[in-house]
Amino acid sequence: MVNGEHAALNPDEKELLAGALLGEGLPPEAEEFLHLASETYADSETAERYLRQAQQWAPDHAAVLIGFYRFYFYKGRLKEALEIANRCLEKAARENNMPRDWRRASAQDAVFDRYDEMLPRFFLFTLKGYAYLQMRLGELEESRVAIAKLLELDPTDKIGAKVLLGVLDRIGLEDDA
């Protein structure tokens with residue numbers, strides 16, 4: 001939560017999620033289990049079971065990984081969400097032919113300055129989620145390093161890393177408002 005509210009997806013993040021959910025290569029069985037997980041979200045045990053069944057059909061598909069991430073995030077299971085974020089970072093690095101360690105990524109590794117490039121965007125949004133989770137889990141220095149990398153790769157800040165940096169900078173300060 002930021003200021004007591006869940007971090008809502010902005011329209012671009014929703015588009016990315018929609019693209020992943022409608023993406024190529026998702027077996028219909030996995031799609032059906034993702035749908036069932038969504039329908040049974042209130043019953044955590046059942047929803048998670050459906051997510052695991054989707055994972056059996058498409059273990060490395062972005063739609064399944066994002067489904068797990070969102071489930072764990074909104075259920076407050078942040079350590080598990082972070083595990084999924086790490087898997088997504090590995091996938092995004094692999095699909096962009098980048099170094100496996102996000103800390104070694106450079107602006108020349110992918111087309112980060114063109115927002116219509118989906119694979120680099122997936123990497124940036126994943127790193128943003130990773131930075132946010134690290135902040136929520138109290139790993140403030142790790143969050144700061146990830147935010148700095150985001151701003152290095154996306155200097156025009158199309159994905160909003162400066163918002164996270166502002167929140168991080170205010171942690172521990174009294175709110176004068």
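I noted the basis next. The model is predicted: local features need pLDDT of at least 70, side-chain atom pairs count only at pLDDT 80 or more, and totals for chains, interfaces and linings use all residues. Residues are numbered from 1 along each chain as its sequence is written, and side-chain values use heavy atoms, without hydrogens and water.

**Aromatic rings**

I searched the whole structure and got nine aromatic pairs. I took rings of Phe, Tyr and Trp (its six-membered ring) as paired if their centres lie within 6.5 Å; planes under 30 degrees apart are stacked, over 60 edge-to-face, the rest tilted. Phe33 and Tyr50 are stacked, at 6.2 Å centre to centre with 25° between the planes. Phe33 sits in helix 2 (residues 28-39) and Tyr50 in helix 3 (residues 44-57), so this pair ties together parts 17 residues apart in sequence. I also found a cluster: ring pairs link Tyr41, Phe68, Phe71 and Tyr72.

**Overall fold**

I counted eight helices and zero strands in the protein. Helices are DSSP runs of H or I with at least four residues, strands are runs of E with at least two, and numbering starts at the N terminus. Of the 177 residues, 43% are buried. I then checked contacts (heavy atoms within 4.5 Å). Among those between residues at least 6 apart in sequence, 60% join residues at least 24 apart.

**Helix 5 against helix 6**

I looked up how helix 5 (residues 78-95) meets helix 6 (residues 118-136): their axes come within 9 Å and cross at roughly 155°. Axes are lines fitted to C-alpha atoms over the stretch in contact, and angles run from 0 to 180 degrees between N-to-C directions. The two helices are therefore roughly antiparallel (over 145 degrees; under 35 is roughly parallel, 65 to 115 roughly perpendicular, the rest oblique). The contact includes Leu78, Ala81 and Leu82 of helix 5 and Leu119, Phe122 and Phe123 of helix 6.

**Positive phi**

I checked two residues that are not glycine. Asn97 has a positive phi of about 55°. Asn97 lies in the loop between helix 5 and helix 6 and is exposed, at 71% relative accessibility. Asp157 also has a positive phi of about 55°. Its loop runs between helix 7 (140-153) and helix 8 (161-170). Asp157 is buried, with a relative accessible area of 17%.

Note on methods. Buried < 20%, exposed > 50% of the residue type's maximum accessible area, 1.4 Å probe, protein only.
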